Amino acid sequence: MKVKTIVSLFGILISAALSAQIAVKNGDVIAFLGDSITAYGNSVPAGYVNLVMSGLKANGIEAVKIPSGFGGHNSVLMLERLERHILKKKPQIMLLSCGVNDVWYGKRGVQLEDYRKNITEIVTRTQAAGIKVGIMTATMIYEAPNGNFNRRLAEYNKFLRELAAEKKCLLIDLNADLVKFIRDFKAAHPKAKGNLLTVDGVHMNTAGNELMAIGILRAFGLNDEQIAKARAAWAALPGRIGFITVRIGDIEKIMLKAAGQGKSIEEYVEDLIHQDASKN
């Protein structure tokens, strides 16, 4: 099998023909409604919320964010706070990320029938307020596409895709993007070890946040050239591997080198640190 680079794998996710019409305009306010993945996506420069905003800015679109991610939140809690956290602030666009905790928390989560009702009400009320809705499929619960959690999550994501079509929402199929990346990367690099896109199987690492941001920008209508411009703007931003800060632009090379040596990303970086320390 011909070895693919991670650059080409990222490229696979952004190579589809895209509309020249971009859904976001100068001055638009974008609300990000979600859980801890969204909260973290806003708390660090390499989080997906901030990458989306800087990616738009790199392409001349000055938008404003309303970050509304809360750790542990599910569809019940997001519906409860929809009015005060989103609707009262009157954004032009709301991006909804919900589903991981509904499934991950098991008996303390939200069953599919209730999830359907909650999400439908969130979308219906938001559209009634004149706000465009983007529905993000729930990302993953551990990096095992065929695992028990992800098989259950697939039913929730199937509903989200159907609802997006029914309500004419923008669909941002992040689950499909992330699963494809993991499968393609492991097929090209069979020695790859450990998590590729998450720190714990659920919460995104820097590479995962970048792929989420690419998926959102692609859904907004940015073309390959514009996404490449966004990625160039991200390259010097600080990302993290474990407790080590690295440039976003170096993450791809680190992932490739780690996979080539059969190490996790964290193991590879720790070995480099130990090697440097031994030289001093």
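Predicted model: local features only at pLDDT ≥ 70, side-chain atom pairs only at ≥ 80, totals over all residues.
Local features need pLDDT of at least 70 and side-chain atom pairs count only at pLDDT 80 or more, while totals for chains, interfaces and linings use all residues. Residues are numbered from 1 along each chain as its sequence is written, and side-chain values use heavy atoms, with hydrogens and water left out.

Five strands form an open sheet in the order 2-1-3-4-5, and the pairing is parallel. Strands (E, at least two residues) and helices (H or I, at least four residues) are DSSP runs, numbered from the N terminus. Two strands pair if DSSP finds at least two bridges between them. Strand 2 (64-69) and strand 5 (170-172) stand at the edges. Each has a single partner strand, so one side of each is left without a neighbour in the sheet. The twist averages 20° from one strand to the next. Strand 4 (residues 132-136) pairs with strand 5 in the parallel sense over three bridges. In this pair, Gly134 stands opposite Leu170 in strand 5.

Contact means heavy atoms within 4.5 Å. Axes are lines fitted to C-alpha atoms, for helices over the stretch in contact, and angles run from 0 to 180 degrees between N-to-C directions.

Helix 4 and helix 6 also pack on each other, at an angle of about 20° and with their axes 9 Å apart. They are therefore roughly parallel. Angles under 35 degrees count as roughly parallel, over 145 as roughly antiparallel, 65 to 115 as roughly perpendicular and the rest as oblique. The crossing of helix 4 and helix 6 is left-handed: the near helix is turned anticlockwise from the far one by less than a right angle. Residues of helix 4 in this contact include Val76, Leu79 and Leu82, and those of helix 6 include Tyr115, Ile119 and Ile122. The contact residues divide into seven nonpolar, three polar and three charged. Here Ala, Val, Leu, Ile, Met, Phe, Trp, Tyr, Cys and Pro count as nonpolar, Asp, Glu, Lys and Arg as charged, and the others, Gly among them, as polar.

Helix 9 (residues 206-220) and helix 11 (residues 248-260) pack at an angle of about 115°, with their axes 10 Å apart. These two helices are therefore roughly perpendicular. Their crossing is left-handed. Thr206, Ala207 and Glu210 in helix 9 meet Ile248, Ile251 and Met255 in helix 11. Four of these residues are nonpolar, one is polar and one is charged.

Strand 6 (residues 238-241) and strand 7 (residues 244-247) pair in the antiparallel sense over four bridges. Pro238 stands opposite Arg247 in strand 7. The two strands form a hairpin with two residues between them. In the turn, Gly242 has a positive phi of about 60°. Strand 6 has a covered face, Gly239 and Ile241, and an uncovered one, Pro238 and Arg240.

Positive phi also occurs in residues other than glycine. Lys90 has a phi near 50° and lies in the loop between helix 4 and strand 3. Lys90 is exposed, with a relative accessible area of 64%. Tyr142 has a phi of about 75° and lies in the loop between strand 4 and helix 7 (148-167). At 36% relative accessibility, Tyr142 is partly exposed. Buried means under 20% relative accessible area, exposed over 50%, and partly exposed in between (1.4 Å probe, protein chains only).
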